[in-house]
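Please read the numbered points alongside the display.

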Amino acid sequence: HVSAIQGEMAINEHGVQSGNVGARMLDEALLVDISPLSDGAGPTPEVLLNVRSKLGRSGLQHLLGSGLAGYFQGEAPWVFSLRFAGPAAHLALNVDMQGMGTSLPPPLDKVVGAPLSLSLESVAADLGPAQHGVDVRLGDRAGGRLLFQHRATGGWSFLRGRMDVGGAPLSAPDGTGLHLGVRVPVLDADRWRPVLRAAAHQGGTGAPDFLTRFSGEVNDLVMFGRHFGQFNLDMVKSPQGWVSPLRGATVRGNLLLTTPADCAGAGCASAPGRLHNTLVLTLDQLVIPAPAATGVATKEAAFDPASLPEVHIKSKSLTFDGHALGEFEFAALPGADRWKIDKLRLTQPLMQVEASGVWQVAARGGQQTRLQVHLSTPDLGAMLGAHGLGEELAGGAAEFVSSWDWEGSPGELSL
């Protein structure tokens, strides 16, 4: 929204030639200067337009919403330049972020006073006819290129692009849509979870339509206070949803993620009409390491488990806190103020464990997990011996039923 516009401009048959205009945009002063770069005698005189302003808290709230804006402090002056001669144009945007800080997790954390700039600049080299490119850089932290196609009816439409986070070299985009890549030493999902939740409150449950691929390379994935080590994925948008192989030190298999928009067609993992995302993991191996020695998972008292997606997991092998637990099946879906665990099944030759329960917001605040557990074995003595619990018993089928209840998420369980 631009308001309080005042100033003057000179216009002839070739368009705007000069001018000085003041206004307000995003609650900040905005200055526009238009000056000729040629004598104007030719059929396409060259003109330079400069726009100056700054981005402060009010502007961030307008652009990002109050949830995400709360992660930023300070302000950032910016300059937009547009040099044009007839239909040809060159644009550049530079945002000086030295006076701005963020409390975002790495790699997007920053203290006020640390040098950092965001720049956008148009490029025309090696592009097809009627195409225009824009290079984007965030210091040495991220970079990419976006390509736009001129429409026969006028204006421009996004064609394809690639953005890489983590200091990766600038790569030319291929395919269609936007490919977002992340390559970082450590990714702390516990710290990123509230940030992504704030973003979802602004933009809904699904990814933007123009995003068609997401790839990640992480040397150490931290989740629920546990270090899962090296982790790679390459998610591609398909008619069934987002699909990706999963490769890492603690996981090996495949992923399918569907959104409510994906569920309009056939082959969707979640029934049509549902308003939540659905995650399906088909794995050969899943290792859940012990919590880090420095502490337990990040607790989020305000976190509502009902905001989680529907989850289905099948793994040929599960290791939890160093204990090999056999084949693993799991199913859970969100409900009112809770995440309902429909099925948790562990299968070994000498034992089967089945459980169900809820992860919910506790009445006294915080979170609570409750499980009803049923364990059965055809040979109790052999089962105990296989787990190093002695050989005092021989044979004997047995069944055990128990209730488990603890404060916190399922990820905070420790055997």
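1. Confidence. The mean pLDDT of this predicted chain is 84, and 84% of its residues reach 70 or more; pLDDT is the predictor's confidence in each residue, on a scale from 0 to 100. Among the elements of the chain, strand β8 (residues 100-102) has the highest mean pLDDT, 97, while helix α4 (residues 380-386) has the lowest, 76. Helices (H or I, at least four residues) and strands (E, at least two) are DSSP runs numbered from the N terminus.

2. Conventions. As this is a predicted model, local features need pLDDT of at least 70 and side-chain atom pairs count only at pLDDT 80 or more, whereas totals for chains, interfaces and linings use all residues. Residues are numbered from 1 along each chain as its sequence is written, and side-chain values use heavy atoms, with hydrogens and water left out.

3. Nonpolar core. The largest nonpolar core holds 75 residues, of which Leu246, Phe328 and Phe330 touch the most other members. Strand β19 (residues 278-288) gives the most to this core, contributing five residues. Such a core is a set of buried Ala, Val, Leu, Ile, Met, Phe, Trp, Tyr and Cys residues joined through side-chain atoms within 4.5 Å. Buried denotes under 20% relative accessible area, exposed over 50%, and partly exposed the range in between (1.4 Å probe, protein chains only).

4. Aromatic pairs. How many aromatic pairs does a search of the whole structure find? The search returns five. Phe148 and Phe158 form an edge-to-face pair, with 5.7 Å centre to centre and 70° between the planes. This pair links distant parts of the chain, ten residues apart: Phe148 lies in strand β11 (residues 142-150) and Phe158 in strand β12 (residues 156-165). Phe148 counts as partly exposed because its relative accessibility is 24%; Phe158, at 30%, is also partly exposed. Rings of Phe, Tyr and Trp (its six-membered ring) pair if their centres lie within 6.5 Å; planes under 30 degrees apart count as stacked, over 60 as edge-to-face and the rest as tilted.

5. The ring cluster. Phe328, Phe330, Trp339 and Trp359 are linked into a cluster by ring pairs. Phe330 is buried, at 12% relative accessible area, and Trp339 is buried at 9%. Beyond its neighbours within four places in sequence, Phe330 is in contact (heavy atoms within 4.5 Å) with Val311, His312, Ile313, Trp339, Ile341, Lys343 and Leu344.

6. Trp359. This residue of the cluster belongs to strand β23 (residues 351-361). Trp359 counts as buried because its relative accessibility is 4%. The side chain of Trp359 makes a polar contact with that of Gln367 at 2.9 Å. A polar contact is a pair of N or O atoms within 3.5 Å; within protein, one must be able to donate a hydrogen and the other to accept it, and residues adjacent in sequence count only if both atoms are side-chain atoms. The C-alpha atoms of Trp359 and Pro305 are separated by 6.6 Å, although these residues are 54 apart along the chain.

7. Is Asp135 buried or exposed? At 14% relative accessibility, Asp135 is buried; the residue sits in strand β10 (residues 131-138), and its side chain makes a polar contact with the side chain of Arg145 at 2.6 Å. Ser53, in strand β4 (residues 46-55), is buried at 10% relative accessible area. The side chain of Ser53 reaches the backbone oxygen of Ala29 at 2.8 Å. Not counting residues up to four places away in sequence, Ser53 touches Glu28, Ala29, Leu30, Pro77 and Trp78.
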